[in-house]
Amino acid sequence: MVTASPDDPLTDESGPAPPLALLAELTHRCPLRCAYCSNPVELNRARDELDTATWQRVMAEAADLGVVQLHLSGGEPLVRSDLTGLVAAARRLDLYTNLITSGIGLDEARARQLAAAGLNSVQVSIQAHDDALGVRIAGTGRLDEKRVAATAVRAAGLPLSMNVVLHRDNLDHLGSIIELCVGWGARRLELANVQYYGWALLNADRLLPTRDQLRRAVEVYRGLKARFADRIELLWIIPDWFEERPKPCMGGWAARSLTVAPDGTAMPCPTAGVITTLDFPSVRTAGLASIWRDSDAFRRYRGTDWLPAPCRDCDRREIDFGGCRCQAFALVGDAGVTDPVCSLSPHRPVVDRLLADVGTGEPLTLRRVSVSRRARAQPADTVGTA
């Protein structure tokens with residue numbers, strides 16, 4: 001029997017209960033070159049992406065499994081010429097669909113087309129409050145295009161949420177970022193302090209803020225959360241390297257959601273691919289129900305029976321489930337140990353050494369990522385094709 005927390009919707013004697021959400025990463029193609037990107041360093045090429053029919057089959061299997069929410073992401077999902085058709089297919093399956101996009105390529109005509117197909121909501125990301133900083137962070141600003149996208153989403157009658165990844169380069173501008181999103185009419189804003197996977201881990205020395213930066217940002221967040229309480233929901237995603245305990249990891253490994261990468265690889269979360277000691281199955285060769293219930297990669301860290309010391313006797317074991325398996329592997333090479341963020345972990349000194357070096361890295365630039373990322377990603381001019 002798999003052990004779960006009392007409020008975990010999902011386990012019984014016959015096995016794990018179904019996931020609530022599917023994150024469909026339709027592509028790794030993207031017009032941005034963000035140094036904090038959590039996508040894998042080895043990006044999937046366009047020729048390796050699942051085709052329309054396969055995605056439709058995966059969505060149908062997800063609905064049969066019990067999934068109720070479908071998040072369409074990337075990369076930039078707008079580069080897929082079949083996006084509207086995929087949304088329509090999801091609507092026929094009665095799935096709630098959310099588009100996660102940079103906004104580049106989303107004009108009023110396309111927003112209305114997607115809404116007519118059955119899209120339920122849109123999340124638009126920004127990198128900064130002005131183009132100069134946006135160029136430094138993502139290789140391009142294009143804030144006007146993002147504003148057009150936000151306006152188009154609202155004109156199409158869709159709820160608009162927004163997202164910004166926070167790090168050393170933009171954290172001091174948090175107030176301006178929040179006010180911009182309020183002005184654009186967002187109902188919800190995720191203030192996502194960077195999580196160190198993929199490209200973000202490679203660039204951690206340039207992304208990590210100082211503790212003083214974080215303290216000031218939290219004060220700004222609290223002040224504006226109160227000020228705009230009747231206009232926007234502000235969510236603060238904790239920077240867990242600075243915490244004493246790890247973040248609760250998506251309700252536990254393979255408990256509430258799953259991800260399908262552009263090439264069909266199925267994973268319990270978007271960053272699980274960093275764990276090279278697990279053999280993740282593919283939807284090309286296995287059904288989603290079998291993957292969820294039976295695959296070793298999904299079963300390995302599900303529940304609490306697998307937990308090592310000190311987690312197995314911790315009163316938080318059914319809150320954070322030992323922390324993030326991806327973070328444990330990324331930092332110490334073993335997905336089966338206590339998350340090194342935890343102050344009780346024998347590996348906490350790894351995180352402390354990284355934090356001790358904050359401020360010693362060079363300012364954030366694209367120098368470390370531009371050549372290799374652009375060699376793997378499609379050109380930006382493919383964005384917005386329909």
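## What lines the second pocket

Sorted by class, the second largest pocket is lined by 15 nonpolar, nine polar and three charged residues. Here Ala, Val, Leu, Ile, Met, Phe, Trp, Tyr, Cys and Pro count as nonpolar, Asp, Glu, Lys and Arg as charged, and the others, Gly among them, as polar. This is a predicted model, where local features need pLDDT of at least 70, side-chain atom pairs count only at pLDDT 80 or more, and totals for chains, interfaces and linings use all residues. Numbering starts from 1 along each chain as its sequence is written, and side-chain values use heavy atoms, with hydrogens and water left out.

The pocket's volume is about 520 Å³. A pocket is an open set of points on a 1 Å grid over the protein atoms alone, where a 1.4 Å probe fits, with protein on both sides within 12 Å along at least five of seven lines; lining residues have an atom within 4 Å of a point. The volume is the space filled by probe spheres set on the points. Of the 27 lining residues, Pro-40, Met-267, Thr-271, Gly-273 and Val-274 sit closest to the centre. Helix α7 gives the largest share of the lining, three residues.

## The sheet

Nine strands make an open, mixed sheet, ordered β9-β8-β7-β6-β5-β4-β3-β10-β11. Strands are DSSP runs (E, at least two residues), as are helices (H or I, at least four); two strands pair if DSSP finds at least two bridges between them. At the edges, β9 (233-237) and β11 (266-267) each pair on one side only.

Strands β4 (69-73) and β5 (96-101) run parallel over four bridges, with Leu-70 opposite Thr-97 in β5.
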